[in-house]
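Open the model in a viewer and keep the selection panel at hand. The stops below go from the whole chain to single side-chain pairs.

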Amino acid sequence: MKNSLFVLLMFVFGVANAQDTYLQCGKIVDIESGKILSEKTIVVSENKIKEIKNGFVSGNESDMVVDLKTKTILPGFIDMHVHIESESSPSRYLEAFTLNEADVAFQSTVYAKRTLMAGFTTVRDLGGSGVNIALKKAINKGTIVGPRIFTAGKSLATTGGHADPTNGRSQELMGDPGPKDGVVNSPADGRKAVRQRYKDGADVIKITATGGVLSVAKSGQNPQFTIEEIKAITETADDYGMLTAAHAHGDEGMQRAILGGIKTIEHGTLMSEETMDLMIEHNTFMVPTISAGQEAARLAKIPNYLPPVVAKKALEIGPKLNATFAKAYKKGVNIAFGTDSGVSPHGDNAKEFIYMNKAGMPIIEILRAATMTNAMLLGEDELGQIKEGYIADIVAVNDNPLNNVETLTDVVFVMKEGVVYKQ
């Protein structure tokens, strides 16, 4: 009886002294309504938003108070397209032969922390070596600092297609990679590849529906999957509750991806009006990644930075993203937010807000894309807004972003799941 009473008293004492965090906020952007809420206090208990109070208030002596009275508060941003393992450099193509898994893992921790410090509390990693799965687990355990990661593990390609891991190698080293390596050449291969990704610990499935810019293959836009192969992949992914994405620059490959059941089209560079209509009809989302187009075109102009075959594609395709996105947005295509960071530097993710705004999308709609829309696509109904009961992913900037979009590139406060990482 004494032991039971002792345990009960300790429990009551612990509850009474549990520390809450009081964020005294000058302004809060209500993402859903588009309104600015002034002089509020967000009460965070453990990993969730417990209450939003009027005025600047504080709790018990044991509670923590954070003064954000001169700042504007937003929900943590969500980037639907990153490659967290790597970053563009002149030695990138050589590194496939010189870096070990451990090297990739250590450098990925730097990129992960940089991304979180930029205010991106959640990302969707759309393809690497598989180290991204281990990175996700390490962040979830608190071993390292980084955003919440939903990862594709190794993305899926066809033989010789964009993301075939043996492209550019000698015949001796090329081999014949299959579904386990992310190379698909039939519906059966597609089903096996998805199941392998699930087994490996991936959360989402990404295919390369067309050629790409940064691979050493000649074409950057040809279709590379049949509709039957894509349907096998998406149907299997649906069975396992996995969101699907398709890298696509060329129009025919996009149409096959949409008809095959892919949910998000990444880039969409050469998208026709017919394909835009198809996206609207099938409720498919475009992730424009303007940052990648801008950066690839810039790097292509630096002598010897990119291989000649890559530089040529980057100059042809990269600059076209702006105009295509602007047209798709005006036509009513669903838009999600993603940067393709890794092509552009990790930590510069928020520049995408500026590019999208210059192309004609209002700032509040871009913010919704980077929060509410992306949370919905990921199936996370407690992310993407500052509301009672939601996960406490909260960031702050110096100015009102509805009047000054560039302020989003200078995040001064970051909280993820109730833990302050930057102040």
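What is the mean pLDDT of the protein chain, and what share of its residues reach 70 or more? The mean is 90, and 89% of the residues reach 70 or more; pLDDT is the predictor's confidence in each residue, from 0 to 100. This is a predicted model, in which local features need pLDDT of at least 70 and side-chain atom pairs count only at pLDDT 80 or more, while totals for chains, interfaces and linings use all residues. Residues are numbered from 1 along each chain as its sequence is written, and side-chain values use heavy atoms, with hydrogens and water left out.

Where pLDDT is low, the predicted coordinates should not be read in detail.

Now show the whole chain as a cartoon. The secondary structure comes to 14 helices and 15 strands; these are DSSP runs (helices H or I, at least four residues; strands E, at least two), numbered from the N terminus. Of the contacts with a separation of 6 or more, 69% are between residues 24 or more positions apart. Buried residues make up 54% of the 423 residues (buried: under 20% relative accessible area; exposed: over 50%; partly exposed: in between; 1.4 Å probe, protein chains only).

Next, turn to the salt bridges, of which there are 15 (a side-chain nitrogen of Lys or Arg within 4 Å of a carboxyl oxygen of Asp or Glu).

Select Glu32 and Lys387. Their closest N and O atoms are 2.9 Å apart in a salt bridge. Glu32 sits in the loop between strand E1 (20-29) and strand E2 (36-45), and Lys387 in the loop between helix H14 (363-377) and strand E13 (394-397), so the pair ties together parts 355 residues apart in sequence. Glu32 is partly exposed at 43% relative accessible area, and Lys387 is partly exposed at 31%.

Select Lys53 and Glu51. This salt bridge has its closest N and O atoms 3.3 Å apart. Lys53 is partly exposed at 27%, as is Glu51 at 30%.

Select Arg124 and Glu266. Are these side chains buried or exposed? Arg124 is buried at 0% relative accessibility, and Glu266 is buried, also at 0%. They meet in a salt bridge of 2.9 Å, N to O. Arg124 belongs to strand E6 (residues 120-125) and Glu266 to strand E10 (residues 264-267), and the pair links parts of the chain 142 residues apart.

Finally, select Glu273, Asp277, Lys327 and Lys331. Salt bridges that share partners join these four residues into one network.

Notes:
Contact means heavy atoms within 4.5 Å.
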